[in-house]
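The following paragraphs lead the reader through one protein structure.

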Amino acid sequence: MSQPTLPAQVRTAFVSGASGGLGQAFATVLLGRGVSVWGTARDATRLGTLAGRPGFHPLSLDLASTDAAAATFARADAEAGGFDVVIQNAGYGLFARFADLDETLWEEQIRSMLFTTARLSRLALRGFRSRGRGCLVHVSSLAVEFPLPFQSGYNVAKAGLSALSESLMVETRGRGIVVIDFRPGDYNTGFNLAMRGRLEPRGDEELTRAWKRIDDLLAAAPTPDRAARDLLRAIGRGRSGVVRSGSFFQARLAPMLAAIAPASWLRASLARYFDLR
Ligand SMILES: NC(=O)c1ccc[n+]([C@@H]2O[C@H](COP(=O)([O-])OP(=O)(O)OC[C@H]3O[C@@H](n4cnc5c(N)ncnc54)[C@H](OP(=O)(O)O)[C@@H]3O)[C@@H](O)[C@H]2O)c1
């Protein structure tokens, strides 16, 4: 398979959530193409394998602290002389029935993954606007089209992020700014291991079955290097849009079916897919 290339003017990038999974893969391919990368984790000492690489700048950034995250981003942007590419990748899951979940956890997830991310994107866009170019990537999810069971906060945050991307694509049209709504399907990362708010199902068989299915899907999913290749190719194309990435079934076939199938059929199929009642 041909290796995607990047335009020569891409020299600096910001990648949130670079301590593992997709973010680590994004940072790795960018570094491999000579791009300087400012990569984040809540605790920068967890950026282990990347931290020693030339051109990598570790940052501590927690999306739960909006003002501090914005200040960290602004400092890094200034140090970089303005980011050419900003990849808003950090995120996490909460697995529980909506009615049973502590609402502070639910609200914090949406505040972190949507509001803080939007705050950083606003800062990024101001820089892009003053330089007349730049590429903003929101790592959303195919969950926008196929909601994950018992992950309502996650589904809401990602749907909001995709809606923000769409708004920004319209606003920035013809101004040299690229906005990519990157929607991965399942990828084999530590995402489920990091899942928060997961209550003991205590006899809730449906929850137990859904969790097993979600876990099995992730274990059988492609590795993050595929997502990194897809994203690099999209950045290289230099065009705003939605980019789906993942297995043929999840990222190609299912969205095509969804475009023509009745919503009720789709919901029933989704329930079967996740082994729900
Ligand atoms: N894997 C999939 O199947 C899949 C599918 C669709 C979309 N996605 C999206 O892809 C992105 C990356 O997920 P992944 O699968 O690579 O998961 P992962 O391996 O768990 O990585 C998540 C990254 O986000 C960081 N992070 C988590 N909570 C954070 C917070 N509150 N503030 C700042 N950083 C935080 C983590 O850093 P620390 O924990 O070290 O702080 C880590 O670097 C997420 O937005 C996820 O929703 C993943």
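Helix H8 (residues 248-260) is the element that gives the most to the nonpolar patch, with 6 residues; helices (H or I, at least four residues) and strands (E, at least two) are DSSP runs numbered from the N terminus. The model is a predicted one, in which local features need pLDDT of at least 70, side-chain atom pairs count only at pLDDT 80 or more, and totals for chains, interfaces and linings use all residues. Residues are numbered from 1 along each chain as its sequence is written, and side-chain values use heavy atoms, with hydrogens and water left out.

The patch on the surface is formed by Phe-248, Phe-249, Leu-253, Met-256, Leu-257, Ile-260 and Trp-265, which together have about 740 Å² of accessible area. Accessible areas come from the Shrake-Rupley method with a 1.4 Å probe, and for residues only the protein chains shown count as cover. Phe-248, found in helix H8, counts as exposed because its relative accessibility is 57%; exposed means over 50%, buried under 20%, and partly exposed in between.

On a 1 Å grid over the protein atoms alone, a cavity is a set of points where a 1.4 Å probe fits but cannot get out, whereas a pocket is an open set with protein on both sides within 12 Å along at least five of seven lines; lining residues have an atom within 4 Å of a point. Grid points are joined across faces, edges and corners, and a volume is the space filled by probe spheres set on the points.

The second largest pocket holds about 220 Å³ of space. Helix H4 (103-131) and helix H5 (152-172) are the elements that give two or more residues to its lining, and H4 gives the most, with 4 residues.

The structure holds 1 cavity of 30 Å³ or more. The largest cavity has about 40 Å³ of space, and H4 and H5 are the elements that give two or more residues to its lining. Here H5 gives the most, with 3 residues. Among the lining residues of this cavity are Gln-88, Met-113, Thr-117 and Lys-158. The C-alpha atoms of Thr-117 and Gly-91 are separated by 9.6 Å, and Gly-91 lies in the loop between strand S4 (85-88) and H4.

Technical notes
Patches are made of residues with over 30% relative accessible area and no salt bridge: like charges are joined within 9 Å, nonpolar side chains (Val, Leu, Ile, Met, Phe, Trp, Tyr) within 5 Å. A salt bridge is a side-chain nitrogen of Lys or Arg within 4 Å of a carboxyl oxygen of Asp or Glu. Buried means under 20% relative accessible area, exposed over 50%, partly exposed in between (1.4 Å probe, protein chains only).
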